[in-house]
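Please open the structure in a viewer and keep the selection tool at hand.

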Amino acid sequence: MFSSLLSLVSLITLVLALDLDPNSSQSVNSDSKLIAKGLLDYYAGSHYGGTIGMFVQPYYWWHAGAAWNTLVEYWAITGDDTYLDTTRQALISQRGEKYDLMVANFSTSEGNDDQGVWALTMMAAAERGFPEANDGHTWLDVAKNAFATMVGRWDLHCGGGVRWQIFSSNNGYDYKNSVSNGAVFSLAARLYYNTGEKVYLEWAETAWEWLWNSGLIEHDTYRVNDGLDVDDCSKITHFLWSYNAGMLQSGTAYLFAATGDNDWDTRARNFWSSGKNVFFDNKIMLEIACQQDSITCNNDQRTFKGIYANLLGLTAEVHPGLADEIIDYLTTSAKAAANTCSGGSDGHTCSLDWVSQKYDGNWIGLGEQISALSVILNSQALKVHAAPRAKQNQNSVPSDQADLAPAQSLFSSAAPSSSAAPSSSAAPSSSSAQDTRVSSAVIVSSSAKPTTLSTQVAVPAPTEPAQYTGDGSDVAAGLGLLALLGLGVILM
Ligand SMILES: *[C@@H]1O[C@H](CO)[C@@H](O)[C@H](O)[C@H]1NC(C)=O
Ligand SMILES: *[C@@H]1O[C@H](CO)[C@@H](O)[C@H](O)[C@H]1NC(C)=O
């Protein structure tokens, strides 16, 4: 009796696997809707006593940033406004008291990477025309404010860069990592693309110079290492995480779109040649550093593929030369991811390992829902556009951002910038999500020698961004799938 019941359950599970037809917006929309519903099951703000904008334990503030970014894309790509109010309320609630994504509740634990992930979410809301707050603080303004606080922490230990942690009392303050600096780079590129304000181009170039010269990017393979030790700048941590690659991939692509500069084109192409080799198996995305032989990914790492998929989708939108191949890889990955979404009590819980294309009943959680939803949505990236773009280029620094410009003096002295002194009032956070970001099995190499940055920040005149029109055509709905999904809803 029990075993026949079990086999009935597994039969149903098999029937309910989400068979995604990426050519059908109907199929994409229905699958996305089910997976989004599973994502929102983790939303604390909808539970009694839960905080608006936050997800249940053990998910941290930065996970929430990644989740809401995906729900902004969900709204933009499917046109479904089921979660519009929930998403908007969450974004509004987590902007921080000064609208710069420094949130008092996390004042002791927030890292540059956490703030960067949220700033990219605000950037997404700005680019997609997501309905603004009523109080005049636009998504773009919040992204700009966050960016200003981040680059305010740029110091000259190891020639430049921002640290992983904002507060000296936290583990990771002595570490300069690719995701924090990649977020500075990618944000600068997107801010420049969207506003034409030259200060962002200057910062993008400054961040690029440092990332390239610090040893964080391998010059022969364009692989992006995890980070370096501030106390020994040649001590590089060699883990390859997909979201790090995504930050560099998207930043270079946006800069090519905004400037037309061939160097950015070459770099964007090189990051894709690298990324498609490292993070895909037969065009199916995987988090190689924790998903190769057996799965060892932690709660942070289980979310990275979602961020990478989003940054690849954006790359496809702004870089026509890479669009077809990226969409091909995202589409194959999206179908594989959808095939894992057949578990849990709701019948559409997704799992981590897309290569197996099976629900594994084991690796499930907020990160898995974010990643599966993100890759499916971003396989449709060419149906939306990274707008609005600057109508005119502004070659002067706006007066309210004058102190944002990377100062010449920063590069003419080897002394650390004293303005980057961390707040001394911050208490260490023992349960900080950041503590788990770097695995204890640190691989160290002494081969990369950081070089001193040039004293000149070259600023070529920005040119009109290249226009790109994606293929917005929809293909007829998969009626059979709809019927199946209807069955799924009844069985729930
Ligand atoms: C989607 O359409 C493209 C172009 O028409 C075709 O090459 C591809 O095989 C289709 N994919 C699926 C999964 O049907
Ligand atoms: C900060 O935390 C408190 C207590 O958990 C909560 O009530 C409040 O809504 C939080 N504020 C934000 C902006 O999340």
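**First stop: the surroundings of ligand 2**

Begin by selecting ligand 2, which is surrounded by T51, S93, Q94 and N105. The model on display is a predicted one. Display the side chains of this shell, which comprises four polar residues, no nonpolar ones and no charged ones. Two of the side chains deserve a distance label. In the side chain of Q94, an N or O atom is 2.9 Å from an oxygen atom of ligand 2. For N105, a polar side-chain atom lies 2.2 Å from an oxygen atom of the ligand.

**Second stop: the disulfides**

Next, select the cysteines that are joined in pairs. A disulfide is a covalent bond between the sulfur atoms of two cysteines. The structure holds three of these bonds. When the bonded cysteines of the chain are numbered in sequence order, they pair as 1-2, 3-4 and 5-6.

Select C158 and C233, whose sulfur atoms are 2.0 Å apart in a disulfide. C158 has a relative accessibility of 11%, so it counts as buried.

Move on to C290 and C297, which are joined by a disulfide with an S to S distance of 2.0 Å. Is this disulfide left-handed or right-handed? It is right-handed, because the torsion about the S-S bond of C290 and C297 is about 90°. Both ends can be checked for burial: C290 counts as buried because its relative accessibility is 3%, and C297 is buried with a relative accessible area of 4%.

The remaining pair to select is C341 and C350, a disulfide with its sulfur atoms 2.1 Å apart. Its S-S torsion is about 105°, so this disulfide is right-handed. C341 and C350 are both buried.

Select S27, found in helix α2 (residues 25–40). A polar atom of the S27 side chain lies 2.9 Å from the backbone nitrogen of D21. With a relative accessibility of 2%, S27 counts as buried, because the limit for that term is under 20%.

**Fourth stop: backbone geometry**

Most residues other than glycine have a negative phi, and most peptide bonds are trans. The following selections concern these two features of the backbone.

Select Q57 and P58 together: the peptide bond from Q57 to P58 is cis, with omega near 0°. P58 is placed in the loop between α2 and α3 (61–78).

Continue to Y222, a residue other than glycine with a positive phi, near 60°. Y222 sits in the loop between α8 (198–213) and β2 (227–229). Its relative accessibility is 11%, so Y222 counts as buried.

Finally, select N282, in the loop between β4 (280–281) and β5 (284–285). N282 has a positive phi of about 50° although it is not a glycine. Is N282 buried or exposed? N282 is exposed, because its relative accessible area is 68%.

Notes: Residues are numbered from 1 along each chain as its sequence is written. Chains are lettered from A and ligands numbered from 1 in the order in which they are written. This is a predicted model: local features need pLDDT of at least 70, side-chain atom pairs count only at pLDDT 80 or more; totals for chains, interfaces and linings use all residues. Side-chain values use heavy atoms; hydrogens and water are left out. A disulfide is a pair of cysteine sulfur atoms within 2.5 Å. Buried means under 20% relative accessible area, exposed over 50%, partly exposed in between (1.4 Å probe, protein chains only). A residue is near a molecule or strand if one of its heavy atoms lies within 4 Å of it. A polar contact is a pair of N or O atoms within 3.5 Å; within protein, one must be able to donate a hydrogen and the other to accept it, and residues adjacent in sequence count only if both atoms are side-chain atoms. Ala, Val, Leu, Ile, Met, Phe, Trp, Tyr, Cys and Pro count as nonpolar, Asp, Glu, Lys and Arg as charged, and the others, Gly among them, as polar. Helices (H or I, at least four residues) and strands (E, at least two) are DSSP runs, numbered from the N terminus.
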